[in-house]
Amino acid sequence: MGDISHPQLDKIYSMIRELRTKMKLAGYKPKTDLVLHNMDEEEKEDALSVHSEKLAIAFGLISTSPGTTIRIVKNLRVCNDCHEATKIISKIVEREIIVRDRSRFHHFKYGKCSCNDYW
């Protein structure tokens, strides 16, 4: 997050914008109450949209063939907003997304998570 040195930065952020549009159409509402900084709502939504797992998903989408499972490993717990967003993304892009956070594996498929929203 915040690193602008990636050679595919433009493609990644383009995918983030595309996903944000599709997610909102699917009923996604960013959980801006999770952002503790004093910002307006749009800035909070922007901050949430570039969490590391969302960037990783966008990179996976531009780097792999349709239908390929996306696997992400992170050393922190997945935030509630990213968990909800990943469920919606898995449904929109029709892909399995597996996220290993510090506590467990989350297997997202068809808009649902294997943890049944308990993590």
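Biologist: Which residues of H4 are buried?

Modeller: This is a predicted model. In H4, the buried residues are Asp81, Cys82, His83, Ala85, Thr86, Lys87, Ile88, Ile89 and Ser90. The label "buried" requires a relative accessible area under 20%.

Biologist: What do the buried residues of H4 pack against?

Modeller: Their partners include three helices: H1 (9–25), H2 (41–49) and H3 (52–63). They also pack against strands S2 (97–100), S3 (105–109) and S4 (112–113). A contact here requires heavy atoms within 4.5 Å.

Biologist: How do you know that the length of H4 agrees with its number of residues?

Modeller: H4 covers residues 80–92, which is 13 residues.

Biologist: What comes just after H4?

Modeller: Glu94, with a positive phi of about 55°. Most residues other than glycine have a negative phi.

Biologist: Where else is phi positive in a residue that is not a glycine?

Modeller: Tyr110 has a phi of about 55°. Tyr110 lies in the loop between S3 and S4. Asn116 also has a positive phi, near 55°. Asn116 sits in the segment after S4.

Biologist: Are Tyr110 and Asn116 buried or exposed?

Modeller: Exposed means over 50% relative accessible area. Tyr110 has 66%, so Tyr110 is exposed. Asn116 has 65%, so Asn116 counts as exposed too.

Biologist: Which residues does Lys54 contact, leaving aside neighbours within four places in sequence?

Modeller: Ile16, Tyr28, Leu48, Ser49, Asp81, Cys82 and Ala85. Of these, Asp81, Cys82 and Ala85 are among the buried residues of H4.

Biologist: Why is Lys112 called exposed?

Modeller: Lys112 has 60% relative accessibility. The cut-off is over 50%, so the label "exposed" applies. Lys112 belongs to strand S4.

Biologist: What does Lys112 touch, not counting residues up to four places away in sequence?

Modeller: Lys87, Ser90 and His107. Lys87 and Ser90 are among the buried residues of H4.

Biologist: How far is the C-alpha atom of Lys112 from that of Arg100?

Modeller: The separation is 16 Å, and the two residues are 12 apart along the chain.

Biologist: Step back to the whole chain. How many helices and strands does the chain have?

Modeller: Four helices and four strands. From the N terminus, the order is α-α-α-β-α-β-β-β.

Biologist: What makes the chain as compact as a globular protein of that length?

Modeller: The globule rule gives 14 Å for 119 residues. The radius of gyration is 14 Å, close to that value, so the chain is as compact as a globular protein of that length. Along its principal axes, the C-alpha trace spans about 35 × 35 × 30 Å.

Biologist: What share of the 119 residues is buried?

Modeller: Buried residues make up 39%. The chain exposes about 7,400 Å², and carbon and sulfur atoms supply 51% of that area.

Biologist: What share of contacts between residues at least 6 apart in sequence joins residues at least 24 apart?

Modeller: The share is 63%.

Biologist: How many positive and negative charges are there, and how far apart are their mean positions?

Modeller: There are 20 positive and 17 negative charges. Their mean positions are 7 Å apart.

Conventions:
Residues are numbered from 1 along each chain as its sequence is written. This is a predicted model: local features need pLDDT of at least 70, side-chain atom pairs count only at pLDDT 80 or more; totals for chains, interfaces and linings use all residues. Side-chain values use heavy atoms; hydrogens and water are left out. Helices (H or I, at least four residues) and strands (E, at least two) are DSSP runs, numbered from the N terminus. The radius of gyration is taken over C-alpha atoms; the globule rule is 2.2 Å times the number of residues to the power 0.38. Buried means under 20% relative accessible area, exposed over 50%, partly exposed in between (1.4 Å probe, protein chains only). Accessible areas come from the Shrake-Rupley method with a 1.4 Å probe; for residues, only the protein chains shown count as cover. Lys and Arg count as positive and Asp and Glu as negative; His and the chain ends are not counted. The place of a charge is taken as NZ of Lys, CZ of Arg, CG of Asp or CD of Glu. The expected span of a helix is 1.5 Å times one less than its number of residues.
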